[in-house]
Every structure is written in structure tokens, then in C-alpha cells.
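User: I am new to this structure and would like to understand the words used to describe it. Could you set each term against its definition as we go?

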Amino acid sequence: MPAVTVALLKAHMNLDTDLDDALLSQKIDAAEAYAASFIGGPIPDPAPAAITQAVLMLAAFWYEAREAATMGGNPYLVPFGVHDLLQAHRAWVV
């Protein structure tokens, strides 16, 4: 089960249109894949609140910043706080 639904992301972003649902779904998939890669395993079901928040932040950020490069804008690929939220769930391998 996904950690974030399109409806939850739309509520997080205060969107009230269905026009971008396919794009939002793609951003969720990419954000969940990023989170799973960062923590070193699949997202638990049910997802902890910190992981859900990180996926919401990342999907919303990628929806808003769709270009690979920015001019005078935010040069970050991942918004502040995402790694902090995921860090506690990271599987450390020695």
C-alpha cells in the first residue's frame, strides 16, 4: 500500500482540481522510491508519520519545481527536512 495517496497529496498542497492527478501520482511514486532507497528498504505498511511527511514534502516539491535547472530559484533537489525525517528509519549496514 502506498504511503501517500493522491487525495492526501492534494490536501497537503491545497489543490482542488483533478487535472493533474496522473502527474501527482507519478510524483508520489518517485518520492516513495526515493524514500525507500534512502532508508535502504521498502516503506513499512503502515508508513510511519515521518516517512509519510517526507514523501508528501518531496512529491509536492517535485510537482512545483518541474525543471532540472533553476534560474535564481531554489537549487536544491530535495527540500530541507526530508533527509531528517527519513534518517531515523534508515537501515544501516556495516
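Predicted model: local features only at pLDDT ≥ 70, side-chain atom pairs only at ≥ 80, totals over all residues.

User: Why is threonine 52 called buried?

Analyst: Threonine 52 has a relative accessible area of 14%, and buried means under 20%, exposed over 50% and partly exposed in between, with a 1.4 Å probe and protein chains only; threonine 52 therefore counts as buried. Its place is in helix H3, where helices are DSSP runs of H or I with at least four residues, numbered from the N terminus. Not counting residues up to four places away in sequence, threonine 52 touches Ala3, Val4, Leu8 and Ala47, contact meaning heavy atoms within 4.5 Å.

User: What makes methionine 57 partly exposed?

Analyst: The relative accessible area of methionine 57 is 21%, a value that falls between the limits of 20% and 50%, so this residue is partly exposed. Methionine 57 also lies in helix H3, and its contacts, leaving aside neighbours within four places in sequence, include His12, Pro79 and Phe80. Methionine 57 and phenylalanine 80 are 23 residues apart in sequence, yet 9.1 Å apart in space from C-alpha to C-alpha.

User: What makes up the largest nonpolar core?

Analyst: A nonpolar core is a set of buried Ala, Val, Leu, Ile, Met, Phe, Trp, Tyr and Cys residues joined through side-chain atoms within 4.5 Å, and the largest one here has 24 residues, with Val4, Leu9, Val55 and Leu86 having the most contacts inside it. The elements giving two or more residues to this core are helix H1 (6–13), helix H2 (21–39), helix H3 (49–64) and helix H4 (82–87), and H3 gives the most, with 10 residues. Leucine 86 is in contact with Ala35, Phe38, Ile39, Ile51 and Ala54, leaving aside its neighbours within four places in sequence.

User: Why are H2 and H3 described as oblique?

Analyst: Their axes, which are lines fitted to C-alpha atoms over the stretch in contact, with angles running from 0 to 180 degrees between N-to-C directions, come within 8 Å and cross at roughly 130°. Angles under 35 degrees count as roughly parallel, over 145 as roughly antiparallel, 65 to 115 as roughly perpendicular and the rest as oblique, and that makes H2 oblique to H3.

User: How do you know that H1 and H3 are roughly perpendicular?

Analyst: H1 and H3 pack at an angle of about 70°, with their axes 10 Å apart, and because this angle lies within 65 to 115 degrees, the two helices are roughly perpendicular to each other. In this contact Leu8, Leu9, His12 and Met13 of H1 meet residues of H3 that include Thr52, Leu56 and Met57.

User: Why is asparagine 14 called exposed, and what is its phi?

Analyst: Asparagine 14 has a relative accessible area of 70%, which is over 50%, and is therefore exposed. Its place is in the loop between H1 and H2, and its phi is near 60°, a positive value in a residue other than glycine. Most residues other than glycine have a negative phi, and most peptide bonds are trans.

User: Which kind of peptide bond joins aspartate 45 and proline 46?

Analyst: That bond is cis, with omega about 5°, and proline 46 lies in the loop between H2 and H3.

Notes. Residues numbered from 1 in each chain as written. Heavy atoms only, no water.
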